[in-house]
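Subject: Handover of a structure, with notes

Dear colleague,

Please find the structure below, together with its sequence. I would be grateful if you kept it open while reading the notes after it.

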Amino acid sequence: MQLQMTINSVKQNIECSPDKKLMHILREKNCLSVKSGCEEGICGSCTVLLDGAPVPSCCVPVALARNSEIITLEYFSKTSEYRVIMNGFKKAGINLCGYCNAAKVFAAYQVLTLKKSLTREDIAFQLQGIAPCCTDQDTLINGIIYAIREYSTPGE
């Protein structure tokens, strides 16, 4: 089956079985930030933005990504939002392990783009299901709060 999608701002035509997982397509396209971990949507190592929302690409049949925009961490890492998130993480003392970076960064991005005031509990809700392999949830929430403050401060 021929499918069209945009991967990291490049339109692509993909020839594959419609039930093949998006993670495998991205790995074949040399998107190495998409890691193969649990392959059950739990660890977060394969997280990508699918039409702006973080998803575990190991659980997404490529047919569901047809005509969608997929952003991987290596592409996202060139954005100003990424720099803001990483500054927030640095202020909180977070040193990402390399395994779950995409899940944590894209969860922070999702919170940043909600455009509303969130409590710690609201942020914790947004982080449900993210593996705590390199930092605890409270520290991650602190990093996201620092990022929100920088992101919403005009002129900086």
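The notes below take the helices, then several individual residues.

This is a predicted model, in which local features need pLDDT of at least 70 and side-chain atom pairs count only at pLDDT 80 or more, while totals for chains, interfaces and linings use all residues. Residues are numbered from 1 along each chain as its sequence is written, and side-chain values use heavy atoms, with hydrogens and water left out.

Helices (H or I, at least four residues) and strands (E, at least two) are DSSP runs, numbered from the N terminus. Two packed helices are described by the angle between their axes and the distance between the axes. Here, axes are lines fitted to C-alpha atoms, for helices over the stretch in contact, and angles run from 0 to 180 degrees between N-to-C directions.

How do α3 and α4 cross? The axes of α3 (residues 80-92) and α4 (residues 101-112) come within 10 Å and cross at roughly 105°. The two helices are therefore roughly perpendicular to each other; that term covers 65 to 115 degrees, whereas angles under 35 count as roughly parallel, over 145 as roughly antiparallel and the rest as oblique.

On the α3 side, E81, Y82, I85, M86 and F89 take part, and they meet K104, V105, A108, Y109 and L112 of α4. Contact means heavy atoms within 4.5 Å. The residues of this contact comprise 8 nonpolar, no polar and 2 charged. In this grouping Ala, Val, Leu, Ile, Met, Phe, Trp, Tyr, Cys and Pro count as nonpolar, Asp, Glu, Lys and Arg as charged, and the others, Gly among them, as polar.

Helix α4 is mostly covered, with 11 of its 12 residues buried. Buried means under 20% relative accessible area, exposed means over 50%, and partly exposed lies in between (1.4 Å probe, protein chains only). Among the buried residues of α4 are N101, K104, F106 and L112. From first C-alpha to last, α4 reaches 16 Å, close to the 16 Å expected at 1.5 Å a residue. The expected span is 1.5 Å times one less than the number of residues.

**Helix α6**

Helix α6 (residues 137-151) has 15 residues, and its end C-alpha atoms are 21 Å apart, which agrees with the 21 Å it should span. Its buried residues are T139, L140, I141, G143, I144, I145 and A147. What covers them includes α3, α4 and α5 (120-126). At the N-terminal end, D136 caps α6: a side-chain oxygen lies 3.1 Å from the backbone nitrogen of D138.

Most residues other than glycine have a negative phi, and most peptide bonds are trans. N8 has a positive phi of about 50° although it is not a glycine, and S9 likewise has a positive phi, of about 70°. N8 is located in the loop between β1 (2-7) and β2 (10-15), and S9 is in the loop between β1 and β2 too. Are these residues buried or exposed? N8 counts as buried, at 13% relative accessibility, whereas S9 is partly exposed, at 44%.

Beyond its neighbours within four places in sequence, N8 is in contact with C31, I70, I71, T72 and Y75. The side chains of N8 and T72 are joined by a polar contact of 2.9 Å. A polar contact is a pair of N or O atoms within 3.5 Å; within protein, one must be able to donate a hydrogen and the other to accept it, and residues adjacent in sequence count only if both atoms are side-chain atoms.

**Two serines between β4 and β5**

S57 is found in the loop between β4 and β5, and S68 has its place in the loop between β4 (53-56) and β5 (69-71). S57 is buried, with a relative accessible area of 0%, and S68 counts as buried at 7%. A polar atom of the S57 side chain lies 2.7 Å from the backbone oxygen of C46. The side chain of S68 makes a polar contact of 3.0 Å with that of D51.

**P54 in strand β4**

P54 lies in strand β4 and is partly exposed, with a relative accessible area of 23%. Apart from neighbours within four places in sequence, P54 is in contact with T47, V48, L49, F106 and Q110.

Yours sincerely
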